[in-house]
Each structure stands twice: as C-alpha cells, then as structure tokens.
Amino acid sequence: MNILITGGCGFIGSNFTRYILKKNENVRVVNLDKLTYAGNPANLVDLASHYPDRYQFVKGDIGDKVAVQKIFDTYDITWIVHFAAESHVDRSIIGPEVFLHTNIIGTFTLLEAALGCWPLEDPEQLKGRRFLHISTDEVYGSLDESGYFTEKTAYDPSSPYSASKASSDHLVNAYYRTYGLPTIITNCSNNYGPYQFPEKLIPLMIHNALKGIELPVYGDGENVRDWIYVEDHCEALLEVLEKGDPGERYNIGGNSERRNKEVVLLICNELDKQLGLINDRPRKDLIRFVSDRPGHDRRYAIDGSKIREELGWEPAVSFEEGIRLTIEWYLQNPEWVEGILNGSYREYYRKQYGGRLSEQES
Ligand code: NAD
Ligand code: DAU
C-alpha cells in the first residue's frame, strides 16, 4: 500500500512517518515536503537506509500541480495523510500570505489531484482509500473557563493561521459532499514531543531554560492549552485511517489542560531536578511576562468522546510523563537543536522577542 504523506519532514509528520513504517511492514511512504524553515531532513535522516524500498522522499510544494500530479502518476496512492502546512500562529501574524498559499491553495491542489486520479465511479477500487486532512482545534476559536470543543462546535478562528486551516477544512468537507471524495478531518489539540521546532512553547522553553536565557510568557500566562504527546496523536491518526468513516471529523485531545504558567514552571522544575540549579538560581527566575500575542485565544479544551466511543481510542501518556520524555529527548539530541539554531531562526527570534538566543550573540 502506498501512502502519500505531505509535510513528513516537520514535527508531527516525521513522528508519523517513523510510526507507520515501524507499525506496518506492508506500507511504502512517499513523503512530499517543500523543506521550508520547519522542514528538517535530519528528522528522517536514517529512514532511506533503514527502509530502502519503503521510504521515498520528494522535495516539492503541495501547491505545485505538476509535482503533485507526478506523484499520483508514479504511485497508486491509497492513503493521503496531509500534514504540510505553515503551522505557527506568531509567524502568521507577522506574514500571513504564505499561510494562504500553503494551507488553502496547497490543500486545494491535493484535493484536485486525488479527485482526478482516484476511481470515484468504482466503489470496489475506491474502497479503503482515504484523504486524511490533519487540522487543529484552533479553528473553533477560544473557550471561556468552562466547556469543550465538540465536532459540532461552530468554526470561529482568531488568527490568520487558524483562519487558513478553517478554510482548508471547509474545502475538504466540500470535496466529500460534492464529489464523494473519501475525506476525513481530524482536529487535534497542542502536540509536544521529539523533533518539535523550537519556535513553539515547550521546546522554546526547554532550550532557553537549558541555556539560561529568559523565558518569555505571553500576557498573564493564564491561557490554557490541552497538551497531547505526539506519539498519542500518531496512534489516533492510524485508528482514524483504519476505522474512521469518510465525511466524518474527529477531535483528538490529550486530556491534559494546563495553564501556560504551569507548563513553564514544570519544565523549569524538571530541569532543576535533573541538572541542578543554573548559576545557583532556580530556572523559574528566568520567567518574564511579555506583551501578549494579538488575538490570543484564552482556552482550548477537547471533548474526545466521539473518537473514544466510535473508534476506541484514548490518549495514553500523561502530561508529566510526556514532559519527562520530551526533556530527555532534547538532552540526548543537542546536535539536532544546534542544527536548527541557524541564521533564519535567530533572525526570527530577535524580531519576535527582541532578545538574544544565546550568550555568544552580541
Ligand atoms: P511543522 O511546521 O513542524 O511542519 C510542517 C511541514 O510542512 C514542514 O516539514 C514543512 O517543510 C512542510 N511544508 C510547509 N509548506 C509546504 C508546502 N507548501 N509544500 C510542501 N511541504 C510544506 O508542523 P507540525 O507542527 O508538524 O504540524 C503538522 C500539521 O498538523 C499541520 O497541518 C498543523 O496545522 C497540524 N496541527 C499541528 C498541531 C501542533 O500542535 N503542532 C496541532 C494540531 C494540528
Ligand atoms: O491547538 C493546536 C495548535 O497548537 C496547532 O494548530 C498549531 O500548529 C500549534 O502551533 C499550536 O498553537 P499554539 O499557538 O497554541 O502553540 P504555541 O506553542 O505557539 O503556544 C502555546 C501557548 O503558549 C499559547 O497560549 C501562546 C503561549 N506562548 C507561546 C510562545 C511561543 C508564550 O507564552 N510564549 C511563547 O514564547
């Protein structure tokens, strides 16, 4: 079975690529990735030699019709697992245009290619084919102190990122309703774990706390996210691919709502415990409350009852255990982080935070 994974060199895509190749010996993965700043070949560097017949990398843009068509012409694709996106809210505030190109036009291009190549008139040939669109809980907007996002919650996105993801979700749904393309959408909460680009909250805080750099918490730090360990997300996606119904959407959450302040404190305490104090001071002294993110959603929380009741899936990793595993991974892979701290990330960091990323910088 051939699986087209888009964005396989990113955080969740690379974790899923590893997961599926290990889990199922009968699959071949074709990974289409443009290698933007977030796409890192180092995430999958060992796969070509490990799985010479089962892993194929194609460098290209999901919005490039010709490149996408070539893949469909070369391989009979059974599953499309679509991760590729511009994924960082803060970057979407600084420069939204690329979010529209990749998240909306890119998704449209993939839908069109699947529509043109899949045998929609032949139920036997179509059976088992899936276009899985990986989306986010951010499309639902912000919650107050109570309540949860269900699959029926109305879309109400706040940022250019979440608005572009909402738009792509609508397109995916339309291709199911209008043309019968066997699509499924998943809306997942905040992921963390190995290979996450250090612009996101948890790896950013781990890196800064390790180096003794200030820990910038937006606003009052009371915003709540529902954190899921990335391997749990990968497992949920496979369940959806194998057992989910076309035309459906499934919310995926981690059952781990935490305030940002608590998350940062946990990371500081865990690092102090493992490595000792830094310059004779607890790492929590590095916390700084900085200007809030414009349009900052207050709280996300997932009602995971549909996927639990219909597909029998629940997250397995607690937040405390996941953070311990994540810190362990970052400590064991310093060269991976150093490889990312290149010119373009340093430049982004200075622009976003007005500060330095390491003591070596003047
Ligand atoms: P990421 O930013 O780490 O990786 C994105 C990947 O897509 C990179 O490898 C990048 O090179 C590739 N890419 C970007 N534009 C491309 C293009 N035009 N053509 C081909 N490849 C392109 O993202 P992530 O955090 O792994 O998120 C993956 C998906 O999951 C996204 O669709 C995101 O919206 C969704 N999601 C993320 C989270 C989260 O917490 N990270 C939660 C829910 C949903
Ligand atoms: O909910 C799913 C979404 O989770 C995904 O769709 C996005 O791709 C992913 O980036 C993530 O979005 P968030 O905006 O919630 O994640 P981020 O890591 O950027 O921020 C998490 C929280 O931490 C948020 O409330 C903002 C805050 N924050 C973030 C950064 C980077 C800070 O306080 N300081 C920071 O420096």
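How many strands form the open sheet with mixed pairing, and in what order do they come? There are 3, in the order S7-S9-S11. Strands and helices here are DSSP runs numbered from the N terminus (E, at least two residues, for strands; H or I, at least four, for helices), and two strands count as paired if DSSP finds at least two bridges between them.

Keep in mind that this is a predicted model, where local features need pLDDT of at least 70 and side-chain atom pairs count only at pLDDT 80 or more, while totals for chains, interfaces and linings use all residues. Residues are numbered from 1 along each chain as its sequence is written, chains are lettered from A and ligands numbered from 1 in the order in which they are written, and side-chain values use heavy atoms, leaving out hydrogens and water.

## The mixed sheet

S7 (190-192) and S11 (257-259) sit at the edges with a single partner strand each, so one side of each has no neighbour in the sheet. Neighbouring strands here are turned by 50° against each other on average, ignoring direction. (Axes are lines fitted to C-alpha atoms, for helices over the stretch in contact, and angles run from 0 to 180 degrees between N-to-C directions.)

S7 and S9 (residues 224-229) run parallel and are joined by 3 bridges; look for tyrosine 192 opposite tyrosine 229 in S9. Helix H10 (residues 260-275) packs on this sheet, touching S9 and S11, with its direction at about 85° to that of S11. Contact means heavy atoms within 4.5 Å.

## The parallel sheet

The other open sheet has 7 strands, ordered S3-S2-S1-S4-S5-S6-S10, with parallel pairing. Its edges are S3 (55-59) and S10 (249-252), each with a single partner strand, so one side of each is left without a neighbour in the sheet. On average, neighbouring strands are turned by 20° against each other, direction ignored.

S1 (residues 2-6) pairs with S4 (residues 77-82) in the parallel sense over 5 bridges, and asparagine 2 stands opposite isoleucine 77 in S4.

## Helices on the parallel sheet

H1 (residues 11-23) packs on the sheet and touches S1, S2 (28-33), S3 and S4, its direction making about 165° with that of S1. H1 is mostly covered, with 10 of its 13 residues buried (under 20% relative accessible area with a 1.4 Å probe, protein chains only; exposed is over 50%, partly exposed in between). Among the buried ones are Phe11, Phe16, Tyr19 and Leu21.

H5 (residues 97-117) lies across S1, S4, S5 (130-136) and S6 (183-188), running at about 165° to S5.
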